Amino acid sequence: MPDHWRGRPILDIPTLSPTAGRFRAAMGLFMQIPRVFYRMRLVHNWPALKQLLEPLIAELRLRHPDAQFLCYGYCFGAYLVCKCSSYLGFSAGVSYHPSPQVCRFQPSAHRQTEQDLAVAARCPILLLPAGNDPEKLKEDGEFVRWLPSGSGSHTYPDMKHGYMSRAAFDETPMANLMGGNSEDIAAAQADALQ
């Protein structure tokens, strides 16, 4: 959501020729790490996101007073799912290939531990990690146990982190580096969205 309003993604996927190879694709991502951390800490931090989200949720509640709201997020969006679920009155949350550790990169006044972030959630949250995501995010993982009653996790063991954020039939060097064949990605995306 903040990328949509600001017009610039937190991470630019390098455009590579089909013959670029895995090393060049990996280096293209690696070189963006400082920019990603800068944007998480100073641009896409909670004080900035809160200013976007609170008026949006207030307007949605005004227009649809009887509606139940679901919050979802990919990757770093797991942080927003948990944060928004802690006080904005959502009924449920879902996070695909979750990365809630963004809570540790916030400015000091808003920094939290992952446990503080999870414990503060007030609605059930479903985590849908990939096979190479940390164990704490998978079934019976530590982070999952901290979440409210009714929360859970379903792991896609054959997927790699980022499976919902990339096209299922992308055969570029970047997609190949991320792993997962086209059929497995399409099946996991369809299953996760049901």
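Author: In this predicted model, a residue is called buried when its relative accessible area is under 20%, exposed when that area is over 50%, and partly exposed in between. Lysine 138 has a relative accessible area of 9%, and because this value falls under the 20% cut-off, lysine 138 is buried.

Reader: Lysine 138 forms a salt bridge with glutamate 135, so what makes the pair a salt bridge?

Author: The closest N and O atoms of lysine 138 and glutamate 135 are 3.2 Å apart, and since the rule asks for a side-chain nitrogen of Lys or Arg within 4 Å of a carboxyl oxygen of Asp or Glu, the pair qualifies. Glutamate 135, at 58% relative accessibility, counts as exposed because its value is over 50%. By this rule there are 4 salt bridges in the model, and those that share partners join Arg104, Glu114 and Lys136 into one network.

Reader: Why is the pairing of arginine 104 and glutamate 114 said to tie together parts of the chain?

Author: The two side chains meet at 2.2 Å, N to O, in a salt bridge. Arginine 104 lies in the loop between strand S2 (92–96) and helix H6 (114–120), whereas glutamate 114 lies in helix H6, so the pair ties together parts that are 10 residues apart in sequence. With a relative accessible area of 40%, arginine 104 is partly exposed, while glutamate 114, at 6%, counts as buried.

Reader: How do you know where glutamate 59 and arginine 63 lie relative to each other in helix H4?

Author: Both residues belong to helix H4 (residues 46–63) and are 4 residues apart, which is about one turn of the helix. An α-helix has 3.6 residues a turn, so residues three or four places apart point the same way. The closest N and O atoms of glutamate 59 and arginine 63 are 2.7 Å apart, and the two residues form a salt bridge. At 33% relative accessibility glutamate 59 counts as partly exposed, and arginine 63, at 60%, counts as exposed.

Reader: What makes helix H5 (residues 77–85) mostly covered?

Author: Of its 9 residues, 9 are buried, among them Gly77, Tyr79, Cys82 and Lys83. The buried residues of H5 pack against H4, strand S1 (70–74), S2, H6, strand S3 (125–128) and helix H7 (142–146).

Reader: Why are S1 and strand S4 (152–153) called edge strands?

Author: The open sheet is formed by 4 strands in the order S1-S2-S3-S4, with parallel pairing, and S1 and S4 each pair on one side only. Inside that order, 4 bridges join S2 to S3, and because two strands pair when there are at least two bridges between them, S2 and S3 meet the rule. Tyrosine 96 stands opposite leucine 128 in S3. Helix H5 packs on this sheet, touching S1, S2 and S3, and its direction makes about 160° with that of S1.

Notes
Residues are numbered from 1 along each chain as its sequence is written. This is a predicted model: local features need pLDDT of at least 70, side-chain atom pairs count only at pLDDT 80 or more; totals for chains, interfaces and linings use all residues. Side-chain values use heavy atoms; hydrogens and water are left out. Buried means under 20% relative accessible area, exposed over 50%, partly exposed in between (1.4 Å probe, protein chains only). Contact means heavy atoms within 4.5 Å. Axes are lines fitted to C-alpha atoms, for helices over the stretch in contact, and angles run from 0 to 180 degrees between N-to-C directions.
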